[in-house]
2 protein chains.
Amino acid sequence: MAERERIANYFAALSAAEPGSFLLTDDAALLTSPPGQSIVITTDSVIAGIHLPVDAKPHHFAQKLVRRNLSDLAAMGAVPWRYLLNLHTPPGLGDDWIAQFAAALAEEQRLFGMVLVGGDTTSSEAPIHFTLTCLGLANDTTLRRNGAYVDDDVYVSGTLGDAAYALYQLQHNMAIEEALFQRYVAPTPRLELGQMLVGIATSAIDISDGLLADLSQLLQASKVGANLVRDILPLHPYVANIIAKDANAWRFPLSGGDDYELLFTASPEQRTRIEAIAQAVQLPLTRIGIITSALGITLRDAKGEIIPLPELGWEYR
Amino acid sequence: MAERERIANYFAALSAAEPGSFLLTDDAALLTSPPGQSIVITTDSVIAGIHLPVDAKPHHFAQKLVRRNLSDLAAMGAVPWRYLLNLHTPPGLGDDWIAQFAAALAEEQRLFGMVLVGGDTTSSEAPIHFTLTCLGLANDTTLRRNGAYVDDDVYVSGTLGDAAYALYQLQHNMAIEEALFQRYVAPTPRLELGQMLVGIATSAIDISDGLLADLSQLLQASKVGANLVRDILPLHPYVANIIAKDANAWRFPLSGGDDYELLFTASPEQRTRIEAIAQAVQLPLTRIGIITSALGITLRDAKGEIIPLPELGWEYR
């Protein structure tokens with residue numbers, strides 16, 4: 001099927017809810033944000049062999065692509081709104097594959113309240129290469145990375161290291177724990193949490209490169225440091241079990257990426273409110289440390305012994 | 001240099017004019033469009049080996065990437081505003097190359113009044129793969145593809161076939177005519193023309209896939225047809241010369257892509273105004289045909305003989 005035909009057959013329907021998309025038949029889309037709302041915009045890609053295995057299923061590509069982007073909106077406290085999609089596919093990728101991908105995208109739109117408004121398609125010999133640009137809505141106040149204060153509590157949502165351990169299992173041809181694999185291919189963007197933290201958290205970032213790497217980004221932006229207690233990091237029972245057998249496995253929760261949990265800071269005065277938010281979003285929010293005026297990260301075990309920092313996430317320098 | 005360092009060293013400065021870019025240090029950008037203005041948004045990629053030769057210079061990548069996108073804004077009559085950039089580079093691409101690319105991007109920003117507000121970087125084994133998502137501003141009225149009426153004049157700006165002939169010369173290792181090569185690597189988006197045509201043209205599209213292919217898109221959207229006279233198509237003297245020697249070379253202006261001229265329609269009552277616009281933008285605007293109620297394109301030579309349509313541009317079906 002020609003590219004234009006694929007757009008008409010599989011993707012035009014995904015744009016129907018936004019008149020300014022012109023059903024993907026014009027040169028660009030025309031968008032008007034609701035009065036009083038600002039646009040939060042971010043973009044991220046999924047490349048086969050880098051962000052997903054080359055043989056991942058069409059719905060895995062749709063889920064990971066959408067959710068990596070939505071996680072950035074979550075970290076700003078924004079509400080998903082519209083998106084554009086660049087689909088660059090190898091010539092051998094058939095219409096069936098594209099149809100399944102589009103069906104999965106439709107489900108993602110429905111789940112997260114987004115509408116497709118534009119994009120491009122190209123056939124090239126390179127591996128599957130998809131980019132999504134995501135527009136969200138926010139009031140003037142958003143969560144930022146640069147607002148952490150000394151003595152703030154440091155929190156993390158959910159559990160850490162799940163996706164990294166799933167990837168490790170994949171790469172070593174081990175039997176994969178399905179719950180962890182789902183965390184790797186279809187992470188849950190913490191949108192509701194991010195939105196509820198606006199005005200309460202002093203800073204926030206999503207964990208895409210690993211706890212230490214992303215915390216380091218937040219600390220640099222805020223010009224502060226942090227004390228962390230390793231042994232209270234929230235872990236999936238499966239990951240906790242691996243760590244119990246091999247202390248080297250602490251690298252998964254400390255440095256593994258792709259969990260897309262939120263890391264945030266808040267004044268100790270907010271503890272009761274944050275407990276209430278944890279209840280409301282049905283997600284553990286664990287206090288893992290405290291912000292310090294001394295720069296850098298100091299990591300301790302349960303006994304208070306300092307642990308030399310392992311190699312940080314792959315983006316760290 | 002690590003990717004984060006490249007962003008800080010080469011790209012952060014390109015975002016300084018928009019406070020909501022947070023100097024590319026946060027999870028997303030926060031944009032507020034000026035009161036009463038809508039956002040026009042489009043996205044397009046440049047892949048080495050497809051849209052440019054693999055050995056094209058860094059500034060060619062910057063120019064082609066920016067201008068292909070801006071041409072879509074031109075076709076809507078929008079004013080360039082902000083953009084996001086996905087940079088996916090092979091590991092061997094050095095810092096020098098990136099520095100030159102960023103310098104060329106800075107020049108494009110200056111020329112066209114845009115500011116970088118976000119993006120992503122990935123290193124992968126695939127060829128250079130850049131995507132730009134471009135936001136423009138417009139009033140509620142924009143140019144569209146679907147407004148051509150029966151008996152409207154059909155116009156095209158500039159000259160046709162220049163870029164396609166340059167590409168042909170490149171692919172056949174011929175000596176390249178510099179003026180045509182520039183048209184291929186650094187097309188001029190017809191922004192000023194597009195903006196002046198709002199309220200005057202009944203429809204418009206930019207010519208990226210070839211005159212016949214893009215006219216066909218406009219006609220389908222408008223549910224009309226067109227009569228065209230081949231022998232009055234505006235040609236660069238170099239292309240006219242090739243055609244004088246070989247009638248097969250008509251395929252360059254008829255089906256060659258990448259010229260990024262505007263194709264538009266207007267009521268005959270607008271002829272005087274359109275002549276004035278041509279003067280104002282210092283660009284030939286050539287009347288090449290007329291809109292008909294009979295669907296499809298009828299192409300004639302100077303004597304009125306019907307010419308069987310050659311294979312249309314590569315996107316046509």
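1. B:Asn173 is exposed in this predicted model, its relative accessible area being 74%. The value lies above the 50% beyond which a residue counts as exposed. B:Asn173 sits in a loop of chain B, with α4 (162-171) on one side and α5 (178-185) on the other.

2. The backbone of B:Asn173 also deserves attention. Its phi is positive, near 50 degrees, although the residue is not glycine. Most residues other than glycine have a negative phi.

3. A positive phi is likewise found at A:Lys223, which is not a glycine; the angle is about 60 degrees. A:Lys223 belongs to the loop that joins α7 (211-222) to β8 (225-229) in chain A. A:Lys223 has a relative accessible area of 68% and is therefore exposed, the cut-off being over 50%.

4. The axes of α1 (residues 3-11) and α3 (residues 95-112) come within 10 Å of each other and cross at roughly 40 degrees. Because angles under 35 degrees count as roughly parallel and those from 65 to 115 as roughly perpendicular, α1(A) and α3(A) are oblique to each other. Their crossing is right-handed.

5. Which residues make the contact between α1(A) and α3(A)? From α1(A) come A:Arg6, A:Tyr10 and A:Phe11. From α3(A) come A:Asp95, A:Ile98, A:Ala99, A:Phe101, A:Ala102 and A:Leu105. By class, the contact comprises 7 nonpolar and 2 charged residues, with no polar ones.

Notes: Residues are numbered from 1 along each chain as its sequence is written. Chains are lettered from A and ligands numbered from 1 in the order in which they are written. This is a predicted model: local features need pLDDT of at least 70, side-chain atom pairs count only at pLDDT 80 or more; totals for chains, interfaces and linings use all residues. Side-chain values use heavy atoms; hydrogens and water are left out. Helices (H or I, at least four residues) and strands (E, at least two) are DSSP runs, numbered from the N terminus. Buried means under 20% relative accessible area, exposed over 50%, partly exposed in between (1.4 Å probe, protein chains only). Axes are lines fitted to C-alpha atoms, for helices over the stretch in contact, and angles run from 0 to 180 degrees between N-to-C directions. Angles under 35 degrees count as roughly parallel, over 145 as roughly antiparallel, 65 to 115 as roughly perpendicular and the rest as oblique. A crossing is left-handed if the near helix is turned anticlockwise from the far one by less than a right angle, and right-handed if clockwise. Contact means heavy atoms within 4.5 Å. Ala, Val, Leu, Ile, Met, Phe, Trp, Tyr, Cys and Pro count as nonpolar, Asp, Glu, Lys and Arg as charged, and the others, Gly among them, as polar.
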